[in-house]
Amino acid sequence: MSSSFWTDRPTLLTGATGLVGAWTLRRLVDAGADVVCLVRDWVPGSEAVRSGLLESARVVRGDVRDGAVVERTLGEYEIDTVLHLAAQTIVSIANRNPVSTFETNVAGTWAVLEACRRSPLVRQVVLASSDKAYGEQERLPYREDTPLEGRHPYDVSKSCADLIATSYAVTY
C-alpha cells in the first residue's frame with residue numbers, strides 16, 4: 001500500500017475481525033490511514049482483537065445490514081474510502097443457515113453500497129469477492145468476465161453481492 005495515498009485517509013473497514021480484515025487493518029494502520037472499523041461481534045480469538053490491533057482504529061459497533069448505522073458512520077467520520085470485507089464466509093454455516101448468510105452477504109452489501117451512494121464524501125469503494133461466486137468452471141483461471149454461477153448458499157450470496165456491486169458501479 002502506498003503510504004502517501006493512505007496517510008490520514010478516512011477509511012471505513014467492515015469485517016475487521018475476520019482473517020483478511022485483520023491483515024487489511026494492519027496494513028492500513030501501518031500506512032497511516034485514519035481507520036474506522038464497523039464491528040458487529042467482538043471476537044476475542046480474532047487477530048484484530050487478540051493482538052490489540054483494533055485499539056489503533058476507531059470502532060463503531062453495528063451491523064453492515066443496518067444502512068442507517070453505515071450511513072451515520074460515513075457521515076460522522078467523514079469517510080473517503082470504504083473497504084467492505086464483512087461477510088459470513090463459513091460454508092458449513094451457510095449450508096445450515098442460508099438466510100443469515102444471504103442477509104449478511106447480500107443485504108449487507110447493498111446497505112453498504114447504498115449508504116456510500118448517499119454520502120457526498122465517499123470517493124471509492126472496494127468490495128471483497130470470492131472465487132466461489134464463479135461456481136464450478138471448466139476453464140481456469142477465473143477472469144473478471146467469467147460468468148457468476150454460484151450454486152450453493154455461500155457461493156450464491158457472493159454471486160449476488162458481485163452483481164449488486166456491478167449494478168452500483170455501472171449506474172452510480
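Over the face of which ring does Arg117 lie, and at what distance from the ring centre? Arg117 lies over the face of Tyr172, at 5.0 Å from the ring centre; a charge counts as over a ring if NZ of Lys or CZ of Arg is within 6 Å of the ring centre and within 35 degrees of the ring normal.

The structure is a predicted model, in which local features need pLDDT of at least 70, side-chain atom pairs count only at pLDDT 80 or more, and totals for chains, interfaces and linings use all residues. Residues are numbered from 1 along each chain as its sequence is written, and side-chain values use heavy atoms, with hydrogens and water left out.

**Aromatic contacts**

Aromatic pairs are rings of Phe, Tyr and Trp (its six-membered ring) with centres within 6.5 Å, called stacked if the planes are under 30 degrees apart, edge-to-face if over 60, and tilted otherwise. The count comes to three aromatic pairs, including the two tabulated here.

| Pair | Centre to centre | Between planes | Class |
|---|---|---|---|
| Phe5 and Trp6 | 4.9 Å | 85° | edge-to-face |
| Tyr168 and Tyr172 | 5.2 Å | 50° | tilted |

Accessibility is classed as buried under 20% relative accessible area, exposed over 50%, and partly exposed in between (1.4 Å probe, protein chains only). Phe5 is partly exposed at 34%, whereas Trp6 is buried at 10%. Tyr168 is buried at 18%, while Tyr172 is exposed at 58%. Phe5 also has the charged end of Arg9 over its ring, 3.7 Å from the centre.

**Pockets**

A pocket is an open set of points on a 1 Å grid over the protein atoms alone, where a 1.4 Å probe fits, with protein on both sides within 12 Å along at least five of seven lines; lining residues have an atom within 4 Å of a point. Volume is the space filled by probe spheres set on the points, which are joined across faces, edges and corners.

The second largest pocket holds about 250 Å³. Its lining includes Arg117, Tyr168 and Tyr172. H6, strand E5 (124–127) and H7 each give two or more residues to this lining; helices (H or I, at least four residues) and strands (E, at least two) are DSSP runs numbered from the N terminus.

The largest pocket has a volume of about 700 Å³. Among its 28 lining residues, Gly15, Gly18, Ala86, Ala87 and Gln88 are the closest to the centre. Helix H2 (19–30) supplies the largest share of the lining, three residues.
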